[in-house]
Amino acid sequence: GKRALVAGVADDGGFGFAVAKAFAEAGASVCVATWPPALNIFLNLLERGKMDESRKLRDGSLLTFERIYPLDAIYDSLEDAPDDVRSSKRYKDVGDFSIGGLAQRIAADFGDQSLDIVFHSLANGPEVKKPLLEVSRAGYLAASSASAYSLVSMVQRLAPLMRPGGSVCSLTYMASERAIPGYGGGMSSAKAALESDTRVLSFEAGRKYGLRVNTISAGPFASRAASAIGI
Ligand code: NAD
């Protein structure tokens, strides 16, 4: 069977959960990666059965995750995370939460050539409520780091673990191509970068690893992230 990794699942209300469920319905085993600040809440919801209704698959069984990895996609290695983050409540006990750490854990758990699908369903723009006219350099770069470079780094580190013919996919938004008021904080810029990077990565990773790289421009949907900005 195929194995999928969906990065950016922390509840049952976003695209990541729906994508994970669709992969499971199609017969794949599904691992997810969850942002450490949201990890405990997510594990509690799962454990207490609060998501059992949305976990229900067509055959009546419940969606299960083969692994739930911690992931903060703004860090490529643990050394990149500042001490105050590494020692903070939500991070200190989860192990290596970087993208490099994720790759190492997947390699240790399943070996090389063990992944068929990597689905990137994460974004963050700390100043998303600010129009571009008011965005700080730090806010702009943070949006690009979490929302665009995270894909580049994931392909760098996970492609070697993927089987030829495998697929990498992410989610983008139309605000990259048209001016959409409200989608601020440099998130529109980050999505434009994500789309351009998708074209270049598909060229490069296609040749080097035999992988496909795509992005889907999703319509507006009231996930947790989107509700915060009224999209
Ligand atoms: P969501 O809140 O369900 O998913 C975003 C996830 O990213 C959350 O689980 C969050 O914990 C995680 N995350 C944030 N920062 C992170 C980090 N540094 N490291 C790891 N994980 C981190 O919201 P969603 O709307 O389902 O978003 C999923 C994807 O879909 C995003 O790329 C988003 O931009 C895209 N998208 C959303 C819409 C929409 O209207 N909801 C439209 C088009 C595209």
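Visitor: A pocket here is an open set of points on a 1 Å grid over the protein atoms alone, where a 1.4 Å probe fits and protein lies on both sides within 12 Å along at least five of seven lines. What volume does the largest pocket have?

Guide: This is a predicted model, in which local features need pLDDT of at least 70 and side-chain atom pairs count only at pLDDT 80 or more, while totals for chains, interfaces and linings use all residues. Residues are numbered from 1 along each chain as its sequence is written, and side-chain values use heavy atoms, with hydrogens and water left out. Taken as the space filled by probe spheres set on the grid points, which are joined across faces, edges and corners, the largest pocket has a volume of about 1400 Å³.

Visitor: Which residues that line the largest pocket are closest to its centre?

Guide: The lining of the largest pocket (residues with an atom within 4 Å of a point) holds 49 residues. Of these, the closest to the centre are Ser121, Leu122, Ala123, Asn124 and Ala225.

Visitor: Which elements give two or more residues to the shell around the ligand?

Guide: The space taken by the ligand is the largest pocket, a molecule being placed in a pocket if more than half of its atoms lie within 2 Å of the grid points. Among DSSP runs (helices, H or I, of at least four residues and strands, E, of at least two), the elements that give two or more residues to the ligand shell are β5 (162-172) and α8 (224-227).

Visitor: How much of the area that the ligand exposes when taken alone does the protein bury?

Guide: A nitrogen atom of the ligand is 3.4 Å from a side-chain N or O atom of Trp35, and a nitrogen atom is 2.9 Å from one of Asp72. An oxygen atom of the ligand is 2.8 Å from a polar backbone atom of Phe221, where N or O pairs within 3.5 Å count as polar contacts. Of the 810 Å² exposed by the ligand alone (Shrake-Rupley, 1.4 Å probe), the protein buries 93%.

Visitor: How much space lies in the second largest pocket?

Guide: The space in question is given by volume, and for the second largest pocket the value is about 180 Å³.  Its lining has 15 residues, and the closest to the centre are Pro131, Leu132, Ile180, Tyr183 and Gly184.

Conventions: A polar contact is a pair of N or O atoms within 3.5 Å; within protein, one must be able to donate a hydrogen and the other to accept it, and residues adjacent in sequence count only if both atoms are side-chain atoms.
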